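Have a look at the structure first, then read on.

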Amino acid sequence: MLSKRSSAMRQQLSSAQTPGARVRTLDACFSNARRRLNRMNTQALITTAHAMLAQGKGLLAMDESNATCNQRLAAVGIAPTPEMRRAYRELLLTTPGLGQCISGVILFDETLHQASANGTPFVRLAADAGMLVGIKTDLGAKDMACHPGEKVTEGLDGLRERLQSYFSQGARFAKWRGVMAVDAWRLPSNACIQANAHALARYAALCQEAGLVPIIEPEVLMDGAHTPARCQDVTEAVLRTVFEQLVQQGVLLEAVVLKPNMVIAGSASTTQTTASEVADATLQCLLRVVPAAVPGIAFLSGGQTGEQASSRLNAMHDGRALPWRLTFSFARALQYPALAIWAGKDANRDAAQAALLHRARCNSAALKGSYNAAMELQSAEAMPSQ
Ligand code: 13P
């Protein structure tokens, strides 16, 4: 195919007589080639996005930065060392049966280069389990100048080269998280929303250029006492701005995965909401602003418990028709029970893996609307595999 194309190019070039005509012909040939390559690239991106959103499966976010991973290890009494981070990630990736419920894993840069105790690269372990590899590409949310209490995510400098390297190491999708703090009336500022949305869109364009599907994660934080209505208004404003920026930067909407927060009350709010109220508010918000061209939405858990996240995801799968596939891309709501059970001890490894598989199966059931509280009492082995 390629050789046919280059011989056609050569024929066109040799028939060009003048230098001006030759340059124009060259331009035409190369822009045709670029278009063809782009079409191939586009098709590969769309195929990857659909694989990430495979029926009944979700994503496992295990891409905590070293600092965050250390905090989480230390919180359950595990020494926060590079070896314990590696051992923990090995435990997650080698969970038997995980690939039945998990389509892809999001790794941190350090983890992408690591291997199991027997020397199998983590990228190979994921592939052998049928899971795509994703990579966190942002360099973290940093204090925003002139905007106390707000953050902007950094990492665009040198990103093109890092993405090329990640692709060559086997990554097929990427993640970038922007965070927006909320209060009753002041936060987030328009400046914070605009800056984070712009960075997300530039990251997304670079990802697609490098052959990686961008996960776009604008997170409206749960911290604070705000009401669900405030969360809904802010989430809608943030997502509207994000999609404006994505369109401005020329991002192909058919090859992105949106990773938003659910619409929920702040963690210090006294307002109680049911799972179906969360589902209604979240879907109303998303239907207003997320174009139907987007293939799927994979929620973050944001500090919800495993049970809360599963029951709310389940309530969104009550048979209503939606233009996109919904799934999960949880870190804490999948990992926390497993981490606490493991506690850094080899003897607890199997039980920890069973706890991870249990949460993955609960969420997989939620994608069919068949999750219920009784499942929390079953062991992973007793639950139907998906
Ligand atoms: P949580 O599910 O713990 O919110 O994490 C998701 C994530 O990937 C954060 O960037």
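Let's start with alanine 343, which counts as partly exposed because it has 13 C-beta neighbours inside 10 Å. Keep in mind that this is a predicted model.

**Positive phi**

- Most residues other than glycine have a negative phi.
- Alanine 343 has a positive phi, near 55 degrees, even though the residue isn't glycine.
- You'll find alanine 343 in the loop between α12 (332-342) and α13 (349-366).
- Cysteine 146 is another non-glycine residue with a positive phi, here near 65 degrees.
- Cysteine 146 sits in the loop that runs between β4 (141-143) and β5 (151-153).
- Is cysteine 146 buried or exposed? Cysteine 146 is exposed, since 7 other C-beta atoms lie within 10 Å and the exposed class takes 12 or fewer.

**A cis peptide bond**

- Most peptide bonds are trans.
- The bond from leucine 187 to proline 188 is cis, and its omega is near 0 degrees.
- Proline 188 belongs to the loop between β6 (173-180) and α8.

**The nonpolar core**

- The largest nonpolar core holds 111 residues, and the members touching the most others are Val105, Ala174, Met180 and Val213.
- Helix α8 (residues 190-210) supplies the largest share of this core, with 11 residues.
- Leaving out residues up to four places away in sequence, methionine 180 touches Pro188, Cys192, Ile193 and Asn196, along with Pro218, Glu219, Val220, Leu221, Val234 and Val238.
- So what links the last two topics?

Terms used
Residues numbered from 1 in each chain as written. Predicted model: local features only at pLDDT ≥ 70, side-chain atom pairs only at ≥ 80, totals over all residues. Core = buried A, V, L, I, M, F, W, Y, C linked by C-beta atoms within 7 Å. Buried ≥ 20, exposed ≤ 12 C-beta atoms within 10 Å, placed from the backbone. Helix = DSSP H or I, 4+ residues; strand = E, 2+ residues; numbered from the N terminus. Contact = placed C-beta atoms within 7 Å.
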